[in-house]
There are 2 protein chains.
Amino acid sequence: MDKLNLDDGFARFSEHWRPKVAARLNGQEVRLVKIRGEFPWHSHAEAEEMFLCWKGRFRMEFRDRTVELSPGELIVVPRGVEHRPAADEEAEILLFEPAGTVNTGDFVDERYTAPLGVDI
Amino acid sequence: MDKLNLDDGFARFSEHWRPKVAARLNGQEVRLVKIRGEFPWHSHAEAEEMFLCWKGRFRMEFRDRTVELSPGELIVVPRGVEHRPAADEEAEILLFEPAGTVNTGDFVDERYTAPLGVDI
């Protein structure tokens, strides 16, 4: 029941594309992730994912369009929909998704697939 | 798959203690709520609740202590734990919780118990 300051949480790590668990509740996780560059295209057959832009800017690319996100803007990616987050400069993002969700979804990649359950 | 700007979302309503649904995913809801004053003491037998302070300041009172929250700080209230959010000045809060969660939990109050599922 301690509080977490999100800026302090983001300050505890510097890697990109490696989500860290900030909170667990109701089988879901609040994850913090820093991104830069382009992630692989992927989808999640079972999970919807929420992305809330915390710092910087990023874009959520879908096969048919791109949504640009600035701080304080969120988007929910439906299950089964191919997407690719990308950022030209580093961005900090808060994720909300089921605890077992693999970051690369159905696509397993030596470089980008991150371990689950790593606390900040 | 449209994005939502949280400041725009909060600007769409002015009532206190009336959570509005900003996003739905995986049986959970992201809710926006404005608060001022003291809420009734209550607990949720089945749900954990996350509170993320967006604007202003508020305190989460527990029976044995109080946690003060400023913008960018979050806290998870475990199921079954009595709590009372309170704010001297208006605060804006983002909530994550299961879709069916009643804001007053086990305590039903004519003034404070809010309808479920109301979109912003």
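**Exercise 1.** Find which element gives the most to the lining of the largest cavity in this predicted model, and how many residues that is.

*Solution.*
Step 1. Start with the space itself: the largest cavity holds about 140 Å³.
Step 2. Go to its centre. The lining has 15 residues, and the closest to the centre are Phe39(A), Phe51(A), Pro85(A), Leu95(A) and Asn103(A).
Step 3. List the elements that give two or more residues. They are β3 (28-38), β4 (49-55) and β8 (83-98) of chain A.
Step 4. Pick the top contributor. β8(A) gives the most, with five residues.

**Exercise 2.** Sort the lining of the largest cavity into nonpolar, polar and charged residues.

*Solution.*
Step 1. Count the nonpolar residues: nine.
Step 2. Count the rest: four are polar and two are charged.

**Exercise 3.** Describe the second largest cavity: its space, its lining and its main contributor.

*Solution.*
Step 1. Its space comes to about 120 Å³.
Step 2. Its lining has 14 residues. Nearest the centre lie Phe39(B), Phe51(B), Pro85(B), Leu95(B) and Asn103(B).
Step 3. In chain B, β3 (28-38), β4 (49-55) and β8 (83-98) each give two or more residues.
Step 4. β8(B) supplies the largest share, five residues.
Step 5. By class, the lining has nine nonpolar, three polar and two charged residues.

**Exercise 4.** State how many cavities of 30 Å³ or more the model has.

*Solution.*
Step 1. Apply the cut-off of 30 Å³ or more.
Step 2. The count is four cavities.

How values were computed. Residues numbered from 1 in each chain as written. Chains lettered and ligands numbered in written order. Predicted model: local features only at pLDDT ≥ 70, side-chain atom pairs only at ≥ 80, totals over all residues. Heavy atoms only, no water. 1 Å grid on protein atoms, 1.4 Å probe; cavity = no way out; pocket = protein on both sides within 12 Å on 5 of 7 lines; lining within 4 Å. Points joined across faces, edges and corners; volume = space filled by probe spheres on them. Helix = DSSP H or I, 4+ residues; strand = E, 2+ residues; numbered from the N terminus. Nonpolar A, V, L, I, M, F, W, Y, C, P; charged D, E, K, R; others polar.
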